[in-house]
Amino acid sequence: MKKYLLNAETVEKKLQRLALELVENNLGAESLILVGIEENGVVLAKNIRQRIQKNSRIPTELLTLRLNKKKPEAVTLSREMDFTGKVIVLIDDVTNSGQTLLYALKPFLDYHPARIQTLVLVERTHTLFPITPDYRGISLATTLQDHIYVEVDGDKVTGAYLA
């Protein structure tokens, strides 16, 4: 039996709040580049983008970032571009150790972005790397043995549960 932390209705509210926070904190930005980390981070990024477009006039671009989460040596983006002066938002479903978000920064280190922010649906508070998300749907303390899974159905986030 799954112990749900977030059901579909709660996820919708969290995504709306996260999108509004992004808009509020980036009012002067020319645009936002949302970078979803495959797999579930991409679904979250699409949902966040829809809400930003509905609630603001800040132009958004959506990129996909691909890496092996167990051994994140090669990090690739769906499209190369000059990130100098841009506001980048890295989006993933869960922070476990912080390793994924840390390695996801690699493609941007050759540029001088105006700002890099991180957004996750679920933050676990016992990271092994010095990474703390700027935006989080929910934050909780777990043991290293606990696992958090985010469920998606197509382009919709349906819940998050603890196993």
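A residue counts as buried when under 20% of its relative accessible area is left open. In this predicted model, Phe83 and Phe108 are both buried.

There are four aromatic pairs here, and these two rings make up one of them: the centres of Phe83 and Phe108 sit 4.8 Å apart with the planes at 80°, so the pair is edge-to-face. The two residues come from distant parts of the chain, 25 residues apart. Phe83 lies in the loop between β4 (75-77) and β5, while Phe108 lies in the loop between α3 (99-104) and β6. Elsewhere, ring pairs tie Tyr4, Tyr149 and Tyr161 into a cluster.

In soluble globular proteins, nonpolar side chains tend to be buried together. Here the largest nonpolar core has 30 residues, and the members touching the most others are Ile48, Ile52, Leu119, Leu121 and Val122. Several elements give two or more residues to this core, among them α1 (8-25), α2 (40-55) and β6 (115-124). The top contributor is α1, with six residues.

Take a look at Ile52. Setting aside neighbours within four places in sequence, Ile52 is in contact with Ala19, Leu22, Val23, Leu32, Leu34, Ile58 and Thr60. There's also a second, separate core of 17 residues, and Phe83 turns up there along with Leu63, Ile88 and Leu90, among others.

Most peptide bonds are trans. Between Glu38 and Glu39, though, the peptide bond is cis, with omega at about 0°. You can find Glu39 in the loop between β2 and α2.

Terms used
Residues numbered from 1 in each chain as written. Predicted model: local features only at pLDDT ≥ 70, side-chain atom pairs only at ≥ 80, totals over all residues. Heavy atoms only, no water. Core = buried A, V, L, I, M, F, W, Y, C linked by side-chain atoms within 4.5 Å. Buried < 20%, exposed > 50% of the residue type's maximum accessible area, 1.4 Å probe, protein only. Helix = DSSP H or I, 4+ residues; strand = E, 2+ residues; numbered from the N terminus. Contact = heavy atoms within 4.5 Å. Phe/Tyr/Trp six-rings, centres within 6.5 Å; stacked < 30°, edge-to-face > 60°.
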